[in-house]
Amino acid sequence: MAKLVQFDRLGGPEALTLRDVEVAAPGTGEVRIRVDAIGLNRAEIMYREGVYFDKPVFPSTLGYEAAGVIEAVGADVDHLAEGDTVAVVPAFLQSRYGTYGTHVIVPASAVVPRSAHVDPVHAAATWMAYITAYGALVESGKVRPGDHVLITAASSSVGLAAIQITRHLGAIPVATTRRSDKKQRLLDAGAVHVIVTDDEDLPARLKEITGGEGVRLAFDPIAGPGVETIALGIAPGGFLVVYGALDQRPTPLPNAQSYPALTSSTYTLFEITMNPERLRRAVAFVNAGIASGSLTPVVDRTFDLGDIAEAHRYLEANGQVGKVVVTVTHDDVTG
């Protein structure tokens, strides 16, 4: 038997249930993974609550990231084999696949090899964060050495990945946080400047930091009316990239009737993970950064799979700096 996290209704963390299920065989183009660690993401909270773009089909599982070992491959899978150590990248809908379990089936196209020197916890903390940041900063934003890059909600795993990638590119990361107690931790994580938005005027500080010019790119997961404040600190001709919707209120188009002009766009990592060539480039970029030591996944805290509801509560509380990871033990599980 395997264990799988499922839920039968929309709601809070208490809706999540760990159930015994039969270990299924992978279908065509799929693999089955014996999971050792699972990376948690806010997309999964939104999915559980019913406010994500992809809606659950009950009973529903969830989860985008995991690390483990392949234990079975389906038909037409020739680049992976039983016994391979791997990680799962978000390249599927949660309404079709999920990673919250001891043994899970995912598309082979969503699986990347895991180097022997990368442990499962850090592998499970890698791909959502780094591919999200890579796509916006490198592929779309074309960040250049010396550019100032604004990273809002920077204590998230994506925010920390964006700080590291910005520095890796020779650019200058400017991080924001609402809480003053996170400021030093963000500086320690590599931010050159940290703005505490509950205490400081964001546009004024950005103009001060950049000598009046403004940042070239702002990378924002919050959306909502706050994008207009962010836009005031972007340089003429700069870029606003919105990659989330933590604020469920309508998001205006900044500077639509004013000067200076800027380019506003939405972005999701699926633009990278659903495109084989772009995913290949992203994996190569991230693996090279990890190998050189310039990119290092930050893990805030780990939980056991049996404590999945508590792990979701912790993530919802917004106190973490980095990734929340769930670990899986197999002492009493057979596959």
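This is a predicted model: local features need pLDDT of at least 70, side-chain atom pairs count only at pLDDT 80 or more; totals for chains, interfaces and linings use all residues.

**Entry 1: the sheet**

Residues are numbered from 1 along each chain as its sequence is written, and side-chain values use heavy atoms, with hydrogens and water left out.

My labels are DSSP runs numbered from the N terminus: helices are H or I with at least four residues, strands are E with at least two. I call two strands paired if DSSP finds at least two bridges between them.

Which strands make up the open sheet, and in what order? I read six, in the order E10-E9-E8-E11-E12-E13, with parallel pairing. E10 (193-196) and E13 stand at the edges with a single partner strand each, so one side of each has no neighbour in the sheet. Neighbouring strands are turned by 15 degrees against each other on average, direction ignored.

I then looked at what lies on the sheet. Helix H6 packs on it, touching E8 (148-151), E9, E10 and E11. The direction of H6 makes about 165 degrees with that of E10. For such angles, axes are lines fitted to C-alpha atoms (for helices over the stretch in contact), and the values run from 0 to 180 degrees between N-to-C directions. Contact here means heavy atoms within 4.5 Å.

**Entry 2: the other end of the sheet**

I followed the strands towards E13. Strand E11 (residues 215-220) runs parallel to strand E12 (residues 234-242), and five bridges join them. Phe219 stands opposite Val241 in E12. E12 in turn pairs with E13 (residues 263-266) in the parallel sense over four bridges, where Phe239 has Thr263 as its bridge partner.

**Entry 3: the cores**

Next I looked up the nonpolar cores, meaning sets of buried Ala, Val, Leu, Ile, Met, Phe, Trp, Tyr and Cys residues joined through side-chain atoms within 4.5 Å. Buried is under 20% relative accessible area, exposed is over 50%, and partly exposed is in between (1.4 Å probe, protein chains only).

Which residues touch the most other members of the largest core? Among its 92 residues they are Val31, Ile33, Leu40, Ile165 and Phe219. Helix H3 (residues 127-140) gives the largest share, nine residues. A second, separate core has 16 residues, including Ile209, Ala223, Val227 and Ile234. I also listed the contacts of Val31, leaving out residues up to four places away in sequence: among them are Pro26, Ile70, Val104 and Val111.

**Entry 4: helices**

The axes of H3 and helix H9 (residues 276-292) come within 10 Å and cross at roughly 110 degrees. That makes H3 roughly perpendicular to H9 (the range is 65 to 115 degrees). Residues in this contact include Trp127 and Tyr134 of H3 and Leu279 and Phe285 of H9.

I checked helix H1 (residues 42-49) too. Six of its eight residues are buried, so H1 is largely enclosed by the rest of the structure. The buried ones are Ala43, Glu44, Ile45, Met46, Tyr47 and Arg48, and they pack against strand E3 (30-39) and helix H10 (308-316). Gly50 follows H1 with a positive phi, near 85 degrees.

**Entry 5: salt bridges**

I counted a side-chain nitrogen of Lys or Arg within 4 Å of a carboxyl oxygen of Asp or Glu. By this rule there are 20 salt bridges.

- Asp8 pairs with Arg19, the closest N and O atoms being 2.3 Å apart. Asp8 is in the loop between strands E1 (2-6) and E2 (17-21) and Arg19 is in E2, so the pair ties together parts eleven residues apart in sequence.
- Arg205 pairs with Glu208 at 3.3 Å between the closest N and O atoms. Arg205 is buried at 19% relative accessible area, whereas Glu208 is exposed at 57%.
- Glu139, Glu277, Arg278, Arg280 and Arg281 are linked in a salt-bridge network.

Key: Angles under 35 degrees count as roughly parallel, over 145 as roughly antiparallel, 65 to 115 as roughly perpendicular and the rest as oblique.
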